[in-house]
Amino acid sequence: MRKILVPIKRVIDYAQKIRVDPSKGAQGVQLKNVKMSMNPFCEIAVEEAIQLKEQNKGAEVVAISVGPKQCTETIRTALAMGADRGIHIETKPDVRGDYIDLQPWAIASLLRGIVEKEDAVDLVLLGKQSIDSDCGQTGPLLAGLLNAPQATFAANIERGDDGSFTVERETDTGTETIKLNASGKPAVITCDLRLNTPRYPTMPNIMKAKKKPVETISLEDMVKELGLDLDEVLTPKNEVVEVYEPPPRKEGET
């Protein structure tokens, strides 16, 4: 194996209480002064990439994130876990990635550009979904744009000597096992909860991560390079009409 790409997303930390300002409509989820961290399913994808790298000496793991300048911190977390380098497609501060502005089609289109720009990519590992929008569409869309073999909701991944991947995937009725044959295109696999338990970065690795390379490309430059239209990338395919908190539970309810 030569290279594994791992797209990762910066989201509100899973342990934080979500604050909603109903007066702001679709922009009601408050992001200021809120702890942000790597999407938990993306952490699982990073861990799986590192484990595959450890099994295949010489493989390179590249973490990719699309978002504001703070996404560099998220990339550094992946580097501290064991990724080799990062790519940051930087957006302006007012561009929201929680399904308000950047939606799965736009992200998948940008990722396709990264895959085609990089040489010798064998595998793209993504979280099955993000915990803010819960779409679960970026991986399948990317595979479609690349015309590449894909598997979703992976609970186990094994790589064959011929470059194929055997994936046990979660279904509503249990699990099924499928084989992604080597095709000359990178396999695209989205990772489910049971796949692994992500490691905690050690202090020495956190320090080493500060010296690992992170390439930053502005969204505008990336879109121009790919021949896309910026307005089309930033125009949502679906419109979020309203965001509101669930009603408070009455006493005695669970």
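**Two loops, two positive phi angles**

A120 sits in the loop that connects α3 to β6 (123–127). Before I say more, note that this is a predicted model. A120 is not a glycine, yet its phi is positive, at about 60°. Is A120 buried, exposed or partly exposed? Its relative accessibility is 34%, and so A120 counts as partly exposed, between the 20% and 50% cut-offs.

The other case is N33, in the loop between β2 (10–12) and β3. N33 is also a residue other than glycine, and its phi is positive, near 55°. N33 is exposed, with a relative accessible area of 84%.

**The chain as a whole**

The protein chain has seven helices and eleven strands. How does its radius of gyration fit the length of the chain? For 254 residues a compact globule would have a value near 18 Å, and the chain has 18 Å, so the two agree. The C-alpha trace spans about 55 × 50 × 40 Å along its principal axes.

Of the 254 residues, 45% are buried. The exposed surface comes to about 13,600 Å², and carbon and sulfur atoms supply 48% of that area. If you take the contacts between residues at least 6 apart in sequence, 73% of them join residues at least 24 apart.

M222 belongs to helix α6, residues 219–226. Its relative accessible area is 0%, and M222 is therefore buried, the cut-off being under 20%. What does M222 touch, beyond its neighbours within four places in sequence? The contacts are I89, L110, G113, I114 and I217. For a sense of distance, M222 and Q103 are 119 residues apart in sequence, and their C-alpha atoms are 16 Å apart in space.

D192 is in a loop, the one between β10 (187–191) and α5 (203–209). D192 is buried too, with a relative accessible area of 7%. Leaving out residues up to four places away in sequence, D192 touches F41, I44, K128, F153, A154 and E170.

Now the cavity. The count of cavities of 30 Å³ or more comes to one, and the largest cavity has a volume of about 30 Å³. Which residues line the largest cavity? They are D101, Q103, W105, A106, E232, V233, T235, P236 and K237. By class, the lining has four nonpolar, two polar and three charged residues.

Last, the second largest pocket, with about 570 Å³ of space. Its lining has 21 residues, and D13, Y14, S37, M38 and E43 lie nearest the centre. The elements that supply at least two residues each are β3 (36–38), α1 (40–55) and α2 (71–81). Which of the elements gives the largest share? That is α2, with four residues. The lining divides into eleven nonpolar, four polar and six charged residues.

That is what I have on this one.

Key:
Residues are numbered from 1 along each chain as its sequence is written. This is a predicted model: local features need pLDDT of at least 70, side-chain atom pairs count only at pLDDT 80 or more; totals for chains, interfaces and linings use all residues. Side-chain values use heavy atoms; hydrogens and water are left out. On a 1 Å grid over the protein atoms alone, a cavity is a set of points where a 1.4 Å probe fits but cannot get out, and a pocket is an open set with protein on both sides within 12 Å along at least five of seven lines; lining residues have an atom within 4 Å of a point. Grid points are joined across faces, edges and corners, and a volume is the space filled by probe spheres set on the points. Ala, Val, Leu, Ile, Met, Phe, Trp, Tyr, Cys and Pro count as nonpolar, Asp, Glu, Lys and Arg as charged, and the others, Gly among them, as polar. The radius of gyration is taken over C-alpha atoms; the globule rule is 2.2 Å times the number of residues to the power 0.38. Buried means under 20% relative accessible area, exposed over 50%, partly exposed in between (1.4 Å probe, protein chains only). Contact means heavy atoms within 4.5 Å. Accessible areas come from the Shrake-Rupley method with a 1.4 Å probe; for residues, only the protein chains shown count as cover.
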